[in-house]
Amino acid sequence: MSFPNEFLWGSSISAFQAEGARLEDSRGLSVADLRSDEGRIRLDIADTSIAVDFYHKYKDDIKLMKECGLKSFRFSISWSRIFPQGNGRVNQKGVDYYNDLIDELILNDIAPIVTLMHFDLPQSLIEQYQGFLSRKCISDFVDYAKFCFEQFGDRVRYWLTINEQDVLTGIPFFNGLDSKKESAQADHHMNIANALVMKLYHDMGLNGKIGPCLSYPTRYPASLDPADQFLAMHLDDLSIFSRVDILMYGEYPKYFLNDLKNKDLMFTIEEGDEELLKGANPDFLAVNWYTSEVVGQYVDEESFGNYKGPDIPRKNRSEKGVAQYYKNPFTKYGSYEWNIDGIGLRYALRKIYSRYHLPLMITENGYSAKEEVKDGHVHDDERIEYLSNMITNMSLAIEDGVELFSYNPWSFIDILSSSQGMDKRYGLVFVDRTNHDCKDLQRIKKESFYWYQKCIQNNGNA
Ligand code: BG6
């Protein structure tokens, strides 16, 4: 394997999925909390009130990270733990918590990688002015980021701005909004916020780096039909490359704006916005990568029988009028319709790197399953197979010339899945609770924990 000696082997979580303690120590609610309440009622799954209690158990969890050999840990700050209303009064207890967490990581030689917002906008900002739909949110986000840089920037060397902005934009209620039209306007404001925060960070002269956090499923065209080939490229451009282009060049690609106009989703650009978007200069790109997808032209149910497209099973997913998704018969699928495709990861890393020549870190990558403890053990062989396949292909990408400097699989401990609560587990460490019974939240190392420990010890060879 060809990993550099200083490669940051790590792991990842986010605040709303792990911390719990959602009303403790004066924290304010976030949109993620309300969304989880809705999930509890509608889907009968656990909410964020306790999650896996990382808020109280972080010291023990960091001991486990140390035992595993982690060199980095990616987590997010809950904005509403520091500013319960999203702006105005600072909650010192929240600041103390993150100071302690960061200090504890550093004491254990684990580099903190911090996301400023991971799907959890303060709910109060929705009530005050509808969150990122309003331009006021831009300055509140910049103030919050500035505060974090001032408080934690002496010890945090890697910052991520907004987790998966394209996912946030695609699912309006993830950002506390109601419609795609609102979401598109909020997206524009988040682009400005992203650029301003990156410029601010660089102007502050801190000793660290900052970048966006992108979601990138590799998209293969479903057939040789040029229309399918084009569609796969076009969807990649819309969801990921346009976003990086905006940050890199401070301009919206024309096809991106055309797409919004065609869908009647075009947002308002005010005078001076173009200037605000310029000069972000991300230092690296963080990528969340789980799976590859096979995508072809949209076929409605009625005309499907006449469709001369690929003769492979369709997935239960289509984007009406846009795309139809298929299963890839050459890859193995796990229990949640996500496949194990390390080559897809190598493909994505190559594609991103060759376009921007910026260093890359992987901030999410992992295998989800329903799991239970049997005789004190959790046998998660498929997770090991998945991680091993990914790491082999990361090594090949490095040999290809990609500057990949950190790997942070999702997740270190089991966390609340954003869609399935505690049923869908990703962790290297099992957390003993179910959706309905919090039990004692005991941590039990899975087989994959020991496998990853060995992998880190041998710099990629397990
Ligand atoms: C990523 C998110 O998109 O996917 C994580 O950043 C999320 O927050 C992960 O947990 C997996 O999705 P899910 O729905 O299985 O939790």
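The legends below describe several close-up views of a predicted model.

Residues are numbered from 1 along each chain as its sequence is written. In this predicted model, local features need pLDDT of at least 70 and side-chain atom pairs count only at pLDDT 80 or more, while totals for chains, interfaces and linings use all residues; side-chain values use heavy atoms, with hydrogens and water left out.

**View 1. The aromatic pair Tyr252 and Phe267.** Rings of Phe, Tyr and Trp (its six-membered ring) pair if their centres lie within 6.5 Å; planes under 30 degrees apart count as stacked, over 60 as edge-to-face and the rest as tilted. The count by this rule is 35 aromatic pairs. In the pair shown, the ring centres of Tyr252 and Phe267 are 5.2 Å apart and the planes stand at 55°, so the pair is tilted. Tyr252 lies in the loop between α10 (226–249) and α11 (254–262), whereas Phe267 lies in the loop between α11 and α12 (273–276), 15 residues apart. Helices (H or I, at least four residues) and strands (E, at least two) are DSSP runs, numbered from the N terminus. Tyr252 and Phe267 are both buried (under 20% relative accessible area, with exposed over 50% and partly exposed in between; 1.4 Å probe, protein chains only).

**View 2. The aromatic pair Phe284 and Phe405.** This pair is edge-to-face, with 6.0 Å from centre to centre and 75° between the planes. Phe284 belongs to the loop between α12 and β7 (285–288) and Phe405 to strand β14 (residues 404–407), so the pair ties together parts 121 residues apart in sequence. Both Phe284 and Phe405 are buried.

**View 3. Charged side chains over the rings of Tyr97 and Tyr333.** A charge sits over a ring if NZ of Lys or CZ of Arg is within 6 Å of the ring centre and within 35 degrees of the ring normal. The charged end of Arg81 is placed over the ring of Tyr97, 5.8 Å from its centre. Tyr97 is also one member of an aromatic cluster that includes Phe54, Tyr55 and Tyr58. Lys327 lies over the face of Tyr333, 4.7 Å from the ring centre.

**View 4. Ala186 in helix α9.** Ala186 has 1% relative accessibility and therefore counts as buried. Apart from its neighbours within four places in sequence, Ala186 is in contact (heavy atoms within 4.5 Å) with Phe132, Leu133 and Leu177. The C-alpha atoms of Ala186 and Val295 are separated by 27 Å, and these residues are 109 residues apart along the chain.
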